[in-house]
Structure formats: C-alpha cells, structure tokens
Amino acid sequence: MTDPYRIPSPDSDPATPRPAASKPALSKGALALRALLWLVLMASAVVNVIANSIGAWLLGLVTGGVAVACIAALIVHHVSRRKT
C-alpha cells in the first residue's frame, strides 16, 4: 500500500504516480450558501461606502455590521469544510 504523505527515497522510481489527495466537492446547498454570502458581502460593502460618503452614519453602521457578519460566516464555512 502506498502512502501519499511519504517522502520518496532517492532510489525510488519518479515515474511511478502517487495518488493525489482530493477534496470533496461542495454540495449544491453549500455552494449556494457561499455564493449568497459573497453576494451579500459585496452589496453591503458598496452600500457601506456610499452611506458613509453621504453622511448616513446609521446606515453605514448597519451595513458594516452585515459585512463583518458575512466575513465571519465565510471563515466559519471555510474552516468547517476543511475539517471534513
């Protein structure tokens, strides 16, 4: 049995292919969630910049909070997917 994490010795045949570790594909639900989080993040960032430019500090505060929440959710989603 070959070990994909083993460093080959110098006398081993380099032409022998080693199995590559593959990541599991995202399910449709996980892909849709990630796309939605990115979309909401971009939209809230744009609204945040516009709101702060015109002086609507309350709207800027809310959209900034939404942007930070989306960033946190994307990080949690990424980390939880890496563990599986």
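Guide: Start with G60, which is found in helix α2. Keep in mind that this is a predicted model.

Visitor: Why is G60 called buried?

Guide: Buried means under 20% relative accessible area. G60 has 5% relative accessibility, so G60 counts as buried.

Visitor: Which residues is G60 in contact with, leaving aside its neighbours within four places in sequence?

Guide: They are N48, A51 and N52. Contact here means heavy atoms within 4.5 Å. There is also a C-alpha separation to report: G60 and V46 are 14 residues apart along the chain, and their C-alpha atoms are separated by 9.9 Å.

Visitor: What makes T63 a buried residue?

Guide: T63 has a relative accessible area of 9%. The limit for buried is under 20%, so T63 is buried. T63 is in helix α2, which runs over residues 57–83.

Visitor: What does the side chain of T63 reach?

Guide: The side chain of T63 reaches the backbone oxygen of L59, at 2.9 Å. A polar contact needs a pair of N or O atoms within 3.5 Å, and the T63 distance of 2.9 Å falls within that limit.

Visitor: Which residues does T63 contact once its neighbours within four places in sequence are left aside?

Guide: T63 is in contact with S44, V47 and N48. S44 is found in helix α1.

Visitor: Is S44 buried or exposed?

Guide: S44 has a relative accessible area of 6%. Buried means under 20%, so S44 is buried.

Visitor: How do you know that A30 is buried as well?

Guide: The value for A30 is a relative accessible area of 17%. That is under 20%, so A30 is buried. A30 has its place in helix α1.

Visitor: Why is A73 called partly exposed?

Guide: Partly exposed lies between the two limits, under 20% for buried and over 50% for exposed. A73 has 29% relative accessibility, so A73 counts as partly exposed. A73 is found in helix α2. A73 and W38 are 35 residues apart along the chain, and their C-alpha atoms are separated by 9.9 Å.

Visitor: What makes W57 exposed?

Guide: W57 has a relative accessible area of 62%. Exposed means over 50%, so W57 is exposed. The place of W57 is in helix α2.

Visitor: Which residues make the nonpolar surface patch?

Guide: The patch is made by L36, L39, V40, W57, L58, L61, V62 and V66, and has an area of about 810 Å². The elements giving two or more residues to the patch are α1 (28–54) and α2. Of these, α2 gives the most, with five residues.

Visitor: What share of the chain's accessible surface belongs to carbon and sulfur atoms?

Guide: The share is 71%, out of an accessible surface of about 7000 Å². Buried residues make up 15% of the 84 residues in the chain.

Visitor: How many helices and strands does the chain have?

Guide: There are two helices and zero strands. Among the contacts in the chain with a separation of 6 or more, 54% are between residues 24 or more positions apart.

Visitor: What does the model show over residues 31–51 and over residues 57–76?

Guide: Residues 31–51 are 100% helix and 0% strand, and the end C-alpha atoms lie 30 Å apart. Residues 57–76 are also 100% helix and 0% strand, with end C-alpha atoms 28 Å apart.

Notes:
Residues numbered from 1 in each chain as written. Predicted model: local features only at pLDDT ≥ 70, side-chain atom pairs only at ≥ 80, totals over all residues. Heavy atoms only, no water. Helix = DSSP H or I, 4+ residues; strand = E, 2+ residues; numbered from the N terminus. Buried < 20%, exposed > 50% of the residue type's maximum accessible area, 1.4 Å probe, protein only. Polar contact = N/O pair within 3.5 Å; in protein donor to acceptor, adjacent residues only side chain to side chain. Areas by Shrake-Rupley, 256 points an atom, 1.4 Å probe, with all protein chains shown as cover. Patch = residues over 30% accessible without salt bridge, like charges linked within 9 Å, V, L, I, M, F, W, Y side chains within 5 Å. Salt bridge = Lys/Arg side-chain N within 4 Å of Asp/Glu carboxyl O.
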